[in-house]
Amino acid sequence: MKNKSLNTNLPGILCVTSYPPRECGIATYSQDLVGALKNKFGKSFEINICALEYKNEELLYPKEVKYILETDNATSYTETAQQINENEMIHMVLVQHEFGLFRNHEDHFLQFLKQLNKPVIIAFHTVLPKPNENLKQLVKNIEAIVKSIIVMTKTSAKILVEDYGIENTSIEVIPHGTHLVEHLDKETLKEKHHLSGRKVLSTFGLLSSGKCIETSISALRLIVKRYPEVLFLVIGKTHPNVVKEEGENYRNRLQEKIEEMHLQHNVKFINQYLSLKDLLEYLQLTDIYLFTSKDRNQAVSGTFAYALSCGCPIISTPFPHANEVLQDETGIIVDFENPKQLARNVINLIENNELCSRISANGIHRIAPTVWENSAIAHALLFENQSQNKLPLEFKIPKINLNHVKKLTTDFAMIQFSNINQPDIESGYTLDDNARALVAMCQHYEITKEESDLEYINLYFNFIKECLQDENYFLNYVDKHKKFTKQNSETNLADSNGRAIWALGYLISFSDIMPEELIEDARNVMKLSLSNVLNIHSPRAMAFIIKGIYYSNSKNNKASNLFLIKHLADKLVQMYKHESKEKWQWYESYLTYGNSILSEAMLCAYLTLGTTIYKEIAIISFDFLLNKIFTENSIKVISNKGWMNNNEETREEKIGGEQPIDVAYTIMALSKFYDAFHDEEYLLKMKIAFNWFLGKNHLNQIMYNPCTGGCYDGLEEDYINLNQGAESTVSYLMARLTIEKYFGVQSKRETTTAKVSQNRLPKTNRPSQYVSL
């Protein structure tokens, strides 16, 4: 009944739910969902809470709680609905539903829904199969009122359709969210929590008899006979409703059972409502997670999802969520209340490290699409679809985070690959990655002037120097022992040489803020490396070299370098003339990888030499490329599953195979074109392209991991490659740093861009779409 007015001009989403400090699973779920929505779409809408509580509960809520509905007070339903209706800023109501929340007041809850004059979406946290007529009718009545029903598993959706007769078109499946996790070292965490030397089993959640912890304790008696070092952690307080009805009787019975079996050394109760940080640490140090609930109809479990995201190998009873997720070596299913079977499977995992690792990795990949960031995207798209007035979704730009870049970097150079977010030293090092890392760190230093950046700039530069050979040609591949590999003789290294020259030129362009000795050294290395460039014929290598000379000449205009730019740019012009046709304005007969580099290089040549034909080809070819990869509000770069050829009359669209590096290079080229011509269309596309990293792609899933600061390696047809290697991570960072001056948190440019997206400005200062050259 209580009401605090909303204080924003943004359209409002009101979430009706139990909410912390109330201790229950739905309260925690809602807090996590609301936090994710604010982090992803904080400038799109204002999301606030109508908290569910009992009449005499009087909890102290955080500021986002604007209304309170007393679920055991009949008049509260009517009064609260009236207050919500009176607030014109509320555009939509999202209800988190569990039947126990409205026990004995189902009719009042239905009346509350009917009274609301806003679109309503309801999320069912419980979907019981084979309902009686009263329950079936209640759900049918709810369906008749709401715009959409959210469930968290495909099994729940199937039950609604088959057992309740709900229209499939009314149902949205949005899995229970879970947290992004850094995957810290297990042994380090065990040491921190004084568990070194123990093989840790765990379970967590608000304690009640339905969790059937006694099954695990009975199994433990068999396990410790072979492995006495095993410790079973029971994490979590007793459920408040259980305490209210029976006190701590269940916990006391468990403790008595433990004493009877002489397992005091092997079981530890953590009788606390842990902070998220501590909870995730306990799960990450867990060797095997046990979920032994005897509730055969439990639709979904947040505790189960959190354990999966932390990489826990899971053994679970066959409740619907587990049956749906724990397939193909993602976990192990055991029968309800079967301690002997549970013990056998725990012992098998303890004795099979390889199987444990495989299950852990599979679980992380299976649960990745359900992280809270992706759940927020799915909810926001549903809000947008069901809103009476379309909600203009705007992704919030993440803070700059160098953690994974630094984690990938040893005292020698940047490591090439990662297994998820753990650097894989076996993959060695490459010139390519360290050249890009040098560019990114120079960008960061220009913005922040952080002295610690200089250490990394010197490190990456020294690696580039290390790769330069006596013939003034760079090698690319270096193994973990710092030795050049035979791959250098099996691969064309022209592009790698071009990238190195780009990085050197970019470093030199910051001579006014970098140590003089470093810049002088970079000039000497670049001078040597330029001695061979006339023998390079790869168009991308030539493009990178043009960029490198363009940047170095901004502070040191040398005639010999101008000659090199003209020579290379003229070669690109000849390529363009040879391949371009009315419907194919490009330098090659196909579009492959790193395409925007070519147009950007032509622009750099024009900006250096002022030659008109360079400008014309730069603009025409770039517009041609942009038309191939942009729709009105998204980008889809050329797939590495199949390049785009100019002779294809009809081309089957390739789904997946999109690489972060191509999106990043496009953003950097757009920035250069915008700075040169001030066409707002380039600016708009820059933001559209960056949103690809944030979830505006065909899977509607994040490519950038804000928890680690890493970027995933690839967007595929139906999954994301979760490895966070150097190329993808540095590519994201270059893109993020590029847009900082236009869309940074304090940038005035955001307002301009918002206007552009609503009312695009005409294209200016451009040649016609096809010019005979």
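Phe109 is buried, with a relative accessible area of 2%, and the residue with which Phe109 forms a stacked aromatic pair, Phe102, also counts as buried, at 1% relative accessibility. Both belong to a predicted model, in which the protein chain comes to 28 helices and 22 strands. The points below take up the chain as a whole, then its aromatic rings, its cysteines and some details of its backbone.

**Confidence of the prediction**

- The average pLDDT of the protein chain is 91, and 95% of the residues score at least 70.
- Residues 746–773 have a pLDDT below 50, although this stretch has 51 contacts in the model beyond near neighbours in sequence.
- Where pLDDT is low, the predicted coordinates should not be read in detail.

**The chain as a whole**

- With 28 helices and 22 strands in its secondary structure, the protein chain has a radius of gyration of 30 Å, which is close to the 28 Å that the globule rule gives for 773 residues, so the chain is as compact as a globular protein of that length.
- The C-alpha trace spans about 90 × 65 × 50 Å along its principal axes, and 58% of the 773 residues count as buried.

**Aromatic rings**

- The structure holds 39 aromatic pairs, and one of them is the stacked pair of Phe102 and Phe109, with 4.1 Å from centre to centre and 25° between the planes.
- Phe544 and Tyr665 form an edge-to-face pair, in which the centres are 5.8 Å apart and the planes stand at 65°.
- This pair links distant parts of the chain, since Phe544 belongs to helix α21 (residues 539–553) and Tyr665 to helix α25 (residues 660–677), 121 residues apart.
- Phe544 counts as buried at 2% relative accessibility, and Tyr665 is buried as well, with a relative accessible area of 3%.
- Tyr576, Trp584, Trp586, Tyr587 and Phe624 are linked into a cluster by ring pairs.

**Charges over rings**

- The charged end of Arg296 sits over the ring of Phe336, at 4.1 Å from the ring centre.
- Arg540 lies over the face of Tyr593, and here the distance from the ring centre is 4.8 Å.

**Cysteines**

- A search of the whole structure finds zero disulfides.
- For Cys15, the closest cysteine sulfur is that of Cys50, and because the two sulfurs are 9.2 Å apart, whereas a disulfide needs them within 2.5 Å, they are too far from each other for a bond.
- Cys15 counts as buried at 1% relative accessibility, and Cys212 counts as buried at 1% too.

**Details of the backbone**

- Pro20 and Pro21 are joined by a cis peptide bond, with an omega of about 20°, and Pro21 lies in the loop between β1 (12–17) and α1 (25–41).
- His183 is not a glycine, yet its phi is positive, at about 60°; His183 is placed in the loop between β7 (171–173) and α6 (186–192), and it counts as buried because its relative accessibility, 16%, is under 20%.
- Asn472, another residue other than glycine, has a positive phi near 65°; Asn472 is found in the loop between α18 (452–467) and β16 (477–478), where it is buried, with a relative accessible area of 18%.

Conventions. Residues are numbered from 1 along each chain as its sequence is written. This is a predicted model: local features need pLDDT of at least 70, side-chain atom pairs count only at pLDDT 80 or more; totals for chains, interfaces and linings use all residues. Side-chain values use heavy atoms; hydrogens and water are left out. Buried means under 20% relative accessible area, exposed over 50%, partly exposed in between (1.4 Å probe, protein chains only). pLDDT is the predictor's confidence in each residue, from 0 to 100. Contact means heavy atoms within 4.5 Å. Rings of Phe, Tyr and Trp (its six-membered ring) pair if their centres lie within 6.5 Å; planes under 30 degrees apart count as stacked, over 60 as edge-to-face and the rest as tilted. Helices (H or I, at least four residues) and strands (E, at least two) are DSSP runs, numbered from the N terminus. A charge sits over a ring if NZ of Lys or CZ of Arg is within 6 Å of the ring centre and within 35 degrees of the ring normal. The radius of gyration is taken over C-alpha atoms; the globule rule is 2.2 Å times the number of residues to the power 0.38.
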